[in-house]
Amino acid sequence: MKKTLLAAALMGASFSAHAVAPGGPGCGWGNLLFEGKSGLPMHILATTFNGTSGNATFGMTSGTNGCDTNGALTYSGESLLGMNGVMEEVAQDMAVGEGEALTALSVSIGVDASDRAHFNSIMHQNFASIFPSQDVTAAEVMQQINMVMSQDQQLAKYV
Amino acid sequence: MRTGVLCALAGLFLILSDTVAAAQSREHLAREPRWQALLHINPGATLRDRHRSYVDDDNFFLSDTGKDDPLAELNASIEALRPAQAPERCRFPARYRFFAEHLGWEESGGQESAPFAHCDEYMEWRQSVQANRAVLVFPAAYLNSPSSMFGHTLLRLDQTGDGTVWLSWAVNFGAMTSEQDNSLFYIYRGLAGGYPGRFTLVPYVQKIQEYSHMENRDIWEYDLTLNQEEIDWVIEHLWELKDINFDYYFFDENCSFRLLELVEVARPGTGLLDKWRFAELPVNTVRALDDKDLIEQRHYRPSKAQELEALVAEMTVAERRLSRRLADDPDLAQSAEFQAYPPPRQALMAQTAYRHVRFIHRKEERTEDVAKRSFALLGLMSRLPTATPPRVQPQRPPEEGHGTKMLGVSGGQWGADDYGQLTWRMTYHDLLDNRRGFLDGAQIEGLGVTLRSTESQAVKLERLDLVSIRSLSPRDTFSKPLSWYVEGGLERAWAQGRRLTRYVQGGAGLSWRWQGWQPYMLLSARAENNSAFSTWITPGGGAEAGLLYNTGAWQWQLSSAGHYFTNDEYRHRSRLSAHYALGRQHGLRASLEREGWRGDSDTGFNLEWRWYYD
């Protein structure tokens, strides 16, 4: 259970109350693959003092300032847009067939170290069904991953 | 009767001596390094708040005089934390642990009466923040962002032995800024302590996104030798710092400095803060930890740009061009030209094209076109064989670079005058200094003074550099950055005689790199104030061209710059310099310079010995 949650969090999946429609207000959990980050001038200054805007986040249970609607300074405070970036990384690693994001995903799903190479290659082979379009949401991606795993003899036990 | 009195007296005495002993032991306890560390008492490392707590937040203290008086805070804390179920325990778990260890506090009973059983929020948090390894993380400087040039440090807490740091926590200390603030105000407040600084705890993967992806910074990761118990101290103390404000000062009480305090909590008495630490540079934090044997291993995490460069280096020129075109038009994958390559080469080109698209659009809002191309390239990659990206060869780590301060002694001749000269620079690196551990093409200097004495004249100020930043980023098939520079201060230049002028100057242009050679061309503008020009500020425009070359311990630079001013004055300056690095902390530099103006010119040479320290 915990591992699924972690995986969901990592994928930025829309299982939580924060879920919003694509392009809608809020934190943008999940969808919008290939999104850049805005707020460049502010960003340069923020770098100087390693600044954080808004509330300080402090791990999982506290300081959840939720979704910043303006999204101008996405880092340090908000995990959410950052998590979107993770989905993009996962997509890239799946297309390549390996990588740190894919490893992190398999660890959070609970795939044993001995099955990881197999996991990577199954994900690589099924890239097209896991990422059917550029507008896919993280929830859909997660669902597809589970589907692909459940159809694989070696990976079915992790679903 | 008598014995009774005696007994009573003895008893009284015992009680008294107990109280005295207790008082003494409390005084002793308040001086314990860990108690001092838990309260963030300044042992004398910086000027502000000497022997007081760095914390600027009433919520952190249980005693009214807690900021100034560790003993008062100790007494108040003992009183507040001793009762079972005390709500204060939920805020100060590390303090509780300190007392439990030193005063032998024990909870009787089972699970129900565990010291923090009543602290739901804390228990839940503590459950999610587990770590068995602490790592100092140093996102190094990157070109084209002066604000990053000193680097940054944060702490990473690894909660898995599984080799994936994407699931680790990052402990970051930074200023809490408001987006409403405008730029100048922001800088002023950042320098002057106008922003509160706070610790935050975020998933490390966000930091990777931020530094290695967004900002294009290489990241150095240093495993610390802290053991499980020491790490637990840090985690428990972090909870005590939740939503607690420190003033943030750019120069000393910054991200790096605060991390040293955390290490001090983990392992008191390391002496990390004994030395005066003004202008704490992140690289010196790494060195300080290394000196105290707190670092056991180092890892290099290349930026996205470095990874892209490594991919490009794998390809032939024809492949590079095709890959670059593929980035603009993924349909080229169907072309006979692309299909003619074997699949592994196709995979390499596809991956490079994809990474290029992602890299150049990393700071932009999503557009349908970019998303479509990105997705098409991903699909192409997924249909090709796995292409393991080449390993990026790590540069030399920043802590192996030369010292941050510099003292130079030189002699030479200018015109007909022989002179001796002394230069001191507070920080940090110029294009000719030993490049080991530094970025090629990056220069950042702050506060440099040069005094010159000639045979005929007493010591005079030759130049005062307030700031000088140069960023010469090379262009290639995939990346087309601008190079630029900005500098300002006082220097001696020709204006109806050689005189001190105040100036600011900046420019932008292009640069390329081929093996050790790096040519550059810049257009520039200059504003000058001196006693000979009739207007208060005289603007001018001009250009600069130059060539850098490095090989082994040698670094060469040939440069020529000219400016034409609105009062019809003209001035140009050409220089050939060679720097030879003598080990890490010394260098010999020779330069030949010619300055010309309408109708005349002067020539000089200079030979300098440079010593880097701190």
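This is a chat about a few features of a predicted model, taking chain A and then chain B.

Me: Let's start with chain A. How many helices and strands does chain A have?
Reply: Chain A has seven helices and one strand, and if you read along the sequence you find them in the pattern α-α-β-α-α-α-α-α.

Me: And what share of chain A is buried?
Reply: Of the 159 residues in chain A, 49% are buried.

Me: Ok, now two helices. At what angle do H4 and H5 of chain A pack?
Reply: Helix H4 of chain A, residues 100–109, packs against helix H5 of chain A, residues 116–125, at an angle of about 115°, and their axes are 10 Å apart. Because angles of 65 to 115 degrees count as roughly perpendicular, H4(A) is described as roughly perpendicular to H5(A).

Me: Which residues meet there?
Reply: On the side of H4(A) they are Leu102(A), Thr103(A) and Ser106(A), and these meet Arg116(A), Phe119(A), Asn120(A) and Met123(A) in H5(A). Sorted by class, the contact of H4(A) with H5(A) has three nonpolar, three polar and one charged residues.

Me: Is the crossing of H4(A) and H5(A) left-handed or right-handed?
Reply: H4(A) passes H5(A) in a right-handed crossing.

Me: Switching to chain B. How do H11 and H14 cross?
Reply: Helix H11 of chain B, residues 304–313, and helix H14 of chain B, residues 343–360, cross at roughly 150°, and their axes come within 10 Å. Since an angle over 145 degrees counts as roughly antiparallel, H11(B) and H14(B) are therefore roughly antiparallel to each other. H11(B) passes H14(B) in a left-handed crossing.

Me: Which residues are in that contact?
Reply: Lys304(B), Ala305(B), Glu307(B), Leu308(B), Leu311(B) and Val312(B) in H11(B) meet a set in H14(B) that includes Leu348(B), Gln351(B) and Phe359(B). By class, the contact of H11(B) with H14(B) has six nonpolar, three polar and three charged residues.

Me: I clicked on Pro389(B), so where is it?
Reply: Pro389(B) sits in the loop of chain B between helix H15, residues 368–383, and strand S8, residues 405–414. Leaving aside residues up to four places away in sequence, Pro389(B) touches Glu307(B), Ala310(B), Leu311(B) and Gln351(B).

Me: Why does Pro389(B) count as partly exposed?
Reply: Pro389(B) has 18 other C-beta atoms within 10 Å, and because a buried residue needs 20 or more and an exposed one has 12 or fewer, that count falls in between.

Me: And how far is Pro389(B) from Gly540(B)?
Reply: Pro389(B) and Gly540(B) are 151 residues apart in sequence, and the C-alpha to C-alpha distance between them is 48 Å.

Me: Last topic, how do strands S15 and S16 of chain B pair?
Reply: Strand S15 of chain B, residues 538–551, and strand S16 of chain B, residues 554–565, pair in the antiparallel sense over 12 bridges, with Gly546(B) standing opposite Ser559(B) in S16(B). The hairpin of S15(B) and S16(B) has two residues between the strands, and in that hairpin Gly552(B) takes a positive phi near 55°.

Me: What joins S16(B) to S17?
Reply: S16(B) is joined by 11 bridges to strand S17 of chain B, residues 570–582, and the two run antiparallel, with Ser560(B) standing opposite Ser574(B) in S17(B). In the hairpin of S16(B) and S17(B), which has four residues between the strands, Asp568(B) takes a positive phi near 70°.

How values were computed. Residues numbered from 1 in each chain as written. Chains lettered and ligands numbered in written order. Predicted model: local features only at pLDDT ≥ 70, side-chain atom pairs only at ≥ 80, totals over all residues. Contact = placed C-beta atoms within 7 Å. Axes fitted to C-alpha atoms, helices over the stretch in contact; angles between N-to-C directions. Parallel < 35°, antiparallel > 145°, perpendicular 65-115°, else oblique. Left-handed = near helix turned anticlockwise from the far one by under 90°. Nonpolar A, V, L, I, M, F, W, Y, C, P; charged D, E, K, R; others polar. Pairing = 2+ DSSP bridges.
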